[in-house]
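Here is a short briefing on pockets and a strand pair. Read it with the structure open.

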Amino acid sequence: MSIQILPARLANQIAAGEVVERPASVVKELVENSLDAGATRIQIDIERGGHKLIRIRDNGSGIDKGELTLALSRHATSKLKTLDDLENICSLGFRGEALASISSVSRLSLSSKPAHQEDAWQAQAEGRDMAVTVKPVAHPNGTTIEVVDLFFNTPARRKFLRTEKTEFNHIDELLKRIALSRFDVSISLKHNGKMVRQYRPVQNENDTIKRVAQVAGKDFLAHASFLESGDEQLNIHGWILPSGMATEPQYTYVNGRMMRDKLILHAIRQAFEEVCPNQSIPAFVLYLTIDPRQVDVNVHPAKHEVRFHQARLIHDFILQAVKQAAEPTITGLHIALPDDVDI
Ligand code: ADP
Ligand code: MG
């Protein structure tokens, strides 16, 4: 048996196995790139649940013509230079793998124009070595990435794709989570040419509430209690509802990054169990803010989980904060007062 270096496409396809599970994971990586590029407007076009087309257009910083090839290469990132940076990471991406991975399992084209550049250019990686070709294109300031025929060359992956509707629902759900992480950004989502969601940029407190209601539902917001606790080093805020409906949200964020972290979810569930056992499914939208040096985000390729340096302390902090906020809610919820009672 002889040892060989894998062709670029194959190496990238193997890496893609970790982050590109389904159309929604592609949308996640691309939208996060747009956010990292400082975009304030992101337009998402999906065709056939993302099987056929995923197009993300943003008005962010764009990519210089000379860097388009690099952007499509593996381990190429503008977000990280040293190990120190990794310990203090503020961008959503940093692994430099998403574009290379996605383009190895689809027909991906990347069009971009930074404001300082006269013309726009489009890049595409082809063949087993993923050689990049670059050509001129018409494009406003910002970036558009088109992902066509996802998994066309990886039948094993394609087999796992669900129906158009299911895959689209995953995308819609993902964007709800993102919409509640960046209130300042306008996000629109089309499916098969039809506008499905429009999240307008938030200008004031009232708009914030509107967006939460739009995403999480009016019922959730009407019944949930607001919670805020902690200091500059460590704090938590958001909305909780001990007995939500199955359709209501269970969203958590750490420093603006959406998470499905076991420790956080455990602390929240324990709080609800202690305060109101036997309640149905709790619903919550919670934001944890912590010194970035106290948390390691580089533990999961899709970055769903984090590692807290002081895990116990964080767990108990969340537990106490949620418990405290949950207590008045149950009394408020379960004592149904007639309308004319004066309190
Ligand atoms: P990462 O996000 O981990 O850096 P990616 O493969 O997702 O890796 O992207 C590679 C690089 O391409 C990024 O570091 C960034 O410089 C550039 N890039 C990707 N998408 C965009 C975008 N929408 N706007 C501007 N630059 C982008
Ligand atoms: Mg990225």
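This is a predicted model. Its largest pocket has a volume of about 680 Å³. The second largest pocket holds about 370 Å³ of space.

**Largest pocket**
- The lining is made up of 33 residues.
- Nearest the centre of this pocket lie Asn33, Ala71, Ser78, Lys79 and Leu99.
- Two or more lining residues come from each of helix 2 (23-36), strand 2 (53-58), helix 3 (68-71), helix 5 (98-104) and strand 6 (142-148).
- Helix 2 gives the largest share of the lining, with five residues.
- By class, the lining of the largest pocket splits into 15 nonpolar, 10 polar and eight charged residues.

**Second largest pocket**
- About 370 Å³ of space in this pocket is lined by 16 residues.
- Glu21, Arg22, Ala24, Arg260 and His304 are the lining residues closest to its centre.
- Helix 1 (8-19), helix 2 and helix 7 (164-179) each give two or more residues to this lining.
- The lining of the second largest pocket has eight charged, five nonpolar and three polar residues.

**Strands 7 and 8**
- Strand 7 (residues 186-191) pairs with strand 8 (residues 194-199) in the antiparallel sense.
- Five bridges join this pair.
- Ile187 has Tyr199, in strand 8, as its bridge partner.
- Strand 7 and strand 8 form a hairpin, with two residues between them.
- In the turn, Asn192 has a positive phi of about 50 degrees.

Terms used: Residues numbered from 1 in each chain as written. Chains lettered and ligands numbered in written order. Predicted model: local features only at pLDDT ≥ 70, side-chain atom pairs only at ≥ 80, totals over all residues. Heavy atoms only, no water. Pairing = 2+ DSSP bridges. Helix = DSSP H or I, 4+ residues; strand = E, 2+ residues; numbered from the N terminus. 1 Å grid on protein atoms, 1.4 Å probe; cavity = no way out; pocket = protein on both sides within 12 Å on 5 of 7 lines; lining within 4 Å. Points joined across faces, edges and corners; volume = space filled by probe spheres on them. Nonpolar A, V, L, I, M, F, W, Y, C, P; charged D, E, K, R; others polar.
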